[in-house]
Amino acid sequence: MEKKQKRLVVRTIILIVLAMAIGYTVYGTATQKKVELIAVGSEAPDFTLVDLNGEKHKLSDYKGQGVFLNFWGTWCPPCEKEMPAMNRQYQVFKDQGVQTLAVNIAQTDLEVQDFVDRYKLTFPVVIDKTKSVMTAYNVDNLPATVLIDPDGKVVKIITGEMTEGNIASFMELVKPQ
Amino acid sequence: MENIICACGHSNPYGTKLCEKCGRPLTEEEKQNKVADMRYDGSAIRSKTYNKTIIDKIWNFFSSVKVGIALIIITLVTASVGTILPQEIYVNAPETGKAAYYEQVYGWFGKLYNALGLSNLYSTWWFQILVGMLAVSIIVASLDRGIPLHKSLKNQRIKRHASFMKRQRIVAEGRVADAEETLNKVEEKMKALHYNVRRDGNALLAERGRFARYGPYINHVGLIIFLAGVMLRLLPGFYVDETLWIREGETRAIPGMEGYFIKNNDFILEVHDNKPQGEQVKQGVNVVAKNFQTDVTLYKQPDGALPGDLDNLEKIKDYSIRVNHPLKENGFALYQMNYRLNELKEMRFELVDKATETPLGEVAIDLTNPKKEYDLGNGSSVKILVYTPDFDGFENGEPRTKTSVPNNPAFLFKMTTPSTPEGEVSFVEIMKPPLEPLGENQYRMKFAGAETRDTANFTIRKDRTIPILFVGGMIFMLGVVIGSYWNHRRLWLQVGPNGQVLMAAFVNKNMFSMKKDLDAVTTFAHLPAYIDQLEQAEDNEKEGDHTL
């Protein structure tokens, strides 16, 4: 009966492999369509961008601090709405080890500077001129916020507008212990 | 499930129809048949052997040819339903308006079609599971039949029992004078006809084109490779299909192509300058395009550089992307797909005295990088307080922009001249009289011209699966050709001690070719005339019985 045992094992393996292939295909197609940012739990892609003062900001330089990474544009009303709240919470959390970084999507310096002046933004605002960071983070709709913990891991991804309460709790989430 | 012991003493697996060794019929049904069922050469289909665990039950389900055919029909029908209306990805409507599009254009049927998910049929989970089940069916059914068939063909005996030979379609019985001479002559003739001849005492087996029996299995292997190739597209790195809009003068990261940047140097649209004629006039076409071309420069970041780091970009090449002439690099191809002409790039204004139209100088504002302040030299200057590329009205007194694209640029200017050192504020929008929010001005910004630029649209594509699809397709075709144009012919001959001859022949298709060979060998070796048992039974029997 050894032969039958072997046959059963072979059949089981073949069917499992095929079932996994089908399962992967269905899963892959289902997740492919969704506009998903980088995965929660994975390493946040490192990048370097220049802010309005010509200063370089490299994500990995903020290791050890939580990072509140916000993608925005002046044409996006919810982005504009959440900016003053972000500004206030930045002031609260910056001394507790949470950095805020706002990435503008390829707008002109004049517009961004004007916006920063109007809202008196105190956190660094960088401009992604070639949209390469936007591509790396797979950002499709604005605003998009990525929470990065002190180890450089993505903790949470938020698409859409946040309230001030949200922002505070999110910053709390990535605060170093 | 017991093995079946044949009269010759050989032990056959359960489900065997003809003894593997001597060819005697083993089942009652088979004994009733006048002509043996030679499908899979009488070997046991593996699924029929036993039916115990759940795994075996699943296996047997997929092993069934009936199930396989049902799956093929269901797949064909559903796949064709997906072609009734265009699929969602081919519909020219914004992502959010697609549902409405189906209803608008195709009425209630379109609405239903979209609601049932048929507008996205090929990526639905159930369609993919259906195709997956078909693949399982192909694999399982082929293993179940192909392996026993292969074993049975490989271990063929030369000597078969008379009951096996007499139940072949072609049979001949009679007597010859000299047994040895007959065997020798048959061997000689069959060898001349390119048969493989083997002898065992007074028995002879001549065989030709055995590989034709493997055609369907080769075909299935090709099909499975093809399906696997399509599946591989989902794995990262195998398949990229992205689009990019890029304006003249811009440098952009190429989506899907990590570390690469592209600069649009110039977009060129050329048209034929002929007088409209013939079909052109009939269809009301004024101009006919001759060339769509984008001159680009491809850059690459140094290895290990981070996204956003534009220092030390390495120039790879300059290229003119034209229709059907994609830019190829590292397995990727960039195709010229679309374009938009004449987007504002630069706007020029003249600072003039409203009353006298006396100009005080001109400013040229680069909309991709407007400056905060423009000095006109003669003590006059213009400051941009606010710039909105796509002005969309005011909100709380602030001008708002709808997009980041300069479709409708508007400026809040502060004009300072020697006679108005305090400065005057003016809001300027294209084609509209300037607004003067802080009171009547002495000066105004007069529109003096504009520069435009074009936008090119590329598709970025990489498909590593094409060689796999190609190989799969070729193997598939090879299987079809082998199975269709070759046939497996066999001739068994036994001569008894008294010169009694028993001959039988088999062919899996194309009986005509077999009969031609038989006629030749019969004449050559003076064999008794053969009879076709099927033709006897049924006069109108069709040619060939498509035995796998």
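In this predicted model, the contact between the two chains takes 36 residues from chain B and 36 residues from chain A. On the side of chain B that touches chain A, the elements giving two or more residues are α2 (54-63), α5 (125-154), β7 (251-253) and β15 of chain B. Helix α5(B) hands over the largest share of that side, six residues. Sorted by residue kind, the side of chain B that touches chain A splits into 19 nonpolar, eleven polar and six charged residues.

Now for chain B as a whole. Its tally of secondary structure comes to twelve helices and 23 strands. Of the 548 residues in chain B, 31% are buried. Sequence distance is worth a look too: among contacts in chain B with a separation of 6 or more, 60% are between residues 24 or more positions apart.

Some of those strands come together in an open sheet of six, with antiparallel pairing and the order β4-β5-β21-β22-β3-β23 (chain B). At its edges sit β4 (196-200) and β23 (531-532) of chain B, each pairing on one side only. As a reminder of what holds such an arrangement together, strands of a sheet pair through backbone hydrogen bonds, either parallel or antiparallel. One residue pair to look for here is Glu207(B) with its bridge partner in β21(B), Arg490(B).

Helix α7 (residues 179-192) of chain B lies across β4, β5, β21 and β22 (500-507) of chain B, and α7 runs at about 170° to β21(B). Helix α11 (residues 511-525) of chain B lies across β3 (170-175), β21 and β22 of chain B, running at about 150° to β22(B).

Another open sheet in chain B has four strands, ordered β14-β15-β18-β19, again with antiparallel pairing. The edges belong to β14 (373-375) and β19 (420-429) of chain B; each has a single partner strand, so one side of each is left without a neighbour in the sheet. From one strand to the next, the twist averages 20°. Three bridges link β14(B) with strand β15 (residues 381-388) of chain B in the antiparallel sense. Among the residues involved, Tyr374(B) has Val382(B) as its bridge partner in β15(B).

Technical notes. Residues are numbered from 1 along each chain as its sequence is written. Chains are lettered from A and ligands numbered from 1 in the order in which they are written. This is a predicted model: local features need pLDDT of at least 70, side-chain atom pairs count only at pLDDT 80 or more; totals for chains, interfaces and linings use all residues. Two strands pair if DSSP finds at least two bridges between them. Two residues are in contact if their C-beta atoms, placed from the backbone, lie within 7 Å. Axes are lines fitted to C-alpha atoms, for helices over the stretch in contact, and angles run from 0 to 180 degrees between N-to-C directions. A residue is buried if 20 or more other C-beta atoms lie within 10 Å of its own, exposed if 12 or fewer, and partly exposed in between; C-beta atoms are placed from the backbone. Ala, Val, Leu, Ile, Met, Phe, Trp, Tyr, Cys and Pro count as nonpolar, Asp, Glu, Lys and Arg as charged, and the others, Gly among them, as polar.
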